[in-house]
Amino acid sequence: MREPASDTGLTIAVSKGRILEQTLPLLADAGIELVADPQSSRKLVLDTSVSDVKLVLIRAADVPTYVEYGAADLGVAGKDVLLEHGGDGLYEPLDLEIARCRLMVAGCPDQPEPRGRLRVASKFVNIAHRHFAAQGRQAEIIKLYGSMELAPLVGLCHYIVDLVDTGNTLTANGLAPLDPIADISARLVVNKAAMKMKHRRVKMLLSALSDAVERRRSAE
Ligand code: AMP
């Protein structure tokens, strides 16, 4: 178990973009507001209205690593990122029910099952590998960093594994969802040592966020 970032205070790791945008209203409802607008600042450590609570802004895929190593006490990470990261190095006590989408296998509709070894392109190589292995299908997984939808169109792969929300990006590129892998939403993750050593503070935040999620659900 790795040590938390400091003896006092809480550091929360969040990624910029969709997750930050949707996490801020929940944090505000839990009584934690940013002091400055993150859009107009290049700061990566942001103060909040609670003097010993700070937000650190990092890449989405790095959130589990920061939290696991105790560089942040808590974090907000998509389930996709957590599944890809793997391991049991952190607690995942709360589904924040934001940034929802699905992780899917997608490809050209109506294509016959490819003969021989499948080629699958994805940012999520571990998830893709596990998914096809569980189906007993041999697949070569090709790591890509973006514009996944292009890969089947130019013959790089037979299928992609990607996040799908409305499905518009797939449709616009002549692709279709074929096989669901997981329902995705953002989760609150907690460093294991911080959960013990800062138990009272972490529990208070957890309970305030859990109430905020509940209120949001009842308002929907
Ligand atoms: P859509 O066209 O609405 O199906 O959105 C698909 C695109 O948005 C893909 O490029 C996804 O990688 C991205 N996307 C959709 N939902 C999420 C999410 N919750 N988190 C991160 N990326 C997402």
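**A walk from a loop to a ligand**

Let's start at Glu-97, which sits in the loop between strand S5 (90-95) and strand S6. Here strands (E, at least two residues) and helices (H or I, at least four) are DSSP runs, numbered from the N terminus. The model is a predicted one, in which local features need pLDDT of at least 70 and side-chain atom pairs count only at pLDDT 80 or more, while totals for chains, interfaces and linings use all residues. Residues are numbered from 1 along each chain as its sequence is written, and side-chain values use heavy atoms, leaving out hydrogens and water.

Glu-97 has a positive phi, near 60°, although it is not a glycine. Most residues other than glycine have a negative phi. A second residue of this kind is Asp-110, with phi near 65°, in the loop between S6 and S7. Asp-110 is exposed, its relative accessible area being 78%; exposed means over 50%, buried under 20%, and partly exposed in between (1.4 Å probe, protein chains only).

Now step back for a moment. The protein has eight helices and 11 strands, and its C-alpha atoms fill a box of roughly 60 × 35 × 35 Å along the principal axes. Of its 220 residues, 45% are buried.

Next, follow strand S6. Six of its seven residues are buried, so S6 is largely enclosed by the rest of the structure. S6 runs antiparallel to S10, and seven bridges join them; two strands count as paired if DSSP finds at least two bridges between them. Within this pairing, Cys-101 has Ile-184 as its bridge partner in S10. S6 also pairs with S9 in the antiparallel sense, over six bridges, and there Val-105 stands opposite Val-161.

Leu-118 stands opposite Ala-139 in S8. Together with helix H4 (residues 125-134), S7 and S8 make a right-handed β-α-β unit: with the strands pointing away from you, the path from the first strand over the helix to the second runs clockwise.

Which residues of H4 are buried? They are Ile-127, Ala-128, His-131 and Phe-132. Seen down the axis of H4, these buried residues fall within an arc of 120° (taken from the directions from the helix axis to the C-beta atoms), so they line one face of the helix. An α-helix has 3.6 residues a turn, so residues three or four places apart point the same way. The cover over the buried residues of H4 includes helix H3 (79-85) and strands S6 (101-107), S7, S8, S9 (159-164) and S10 (176-184). Just after H4, Gly-136 takes a positive phi of about 70°.

Finally, look at the ligand. Among the residues around it (those with a heavy atom within 4 Å) are Arg-18, Ala-99, Cys-101, Glu-149, Asp-165 and Gly-167. A polar backbone atom of Asp-165 is 2.8 Å from an oxygen atom of the ligand. For Gly-167, a polar backbone atom is 2.7 Å from an oxygen atom of the ligand.

Note on methods: Contact = heavy atoms within 4.5 Å. Polar contact = N/O pair within 3.5 Å; in protein donor to acceptor, adjacent residues only side chain to side chain.
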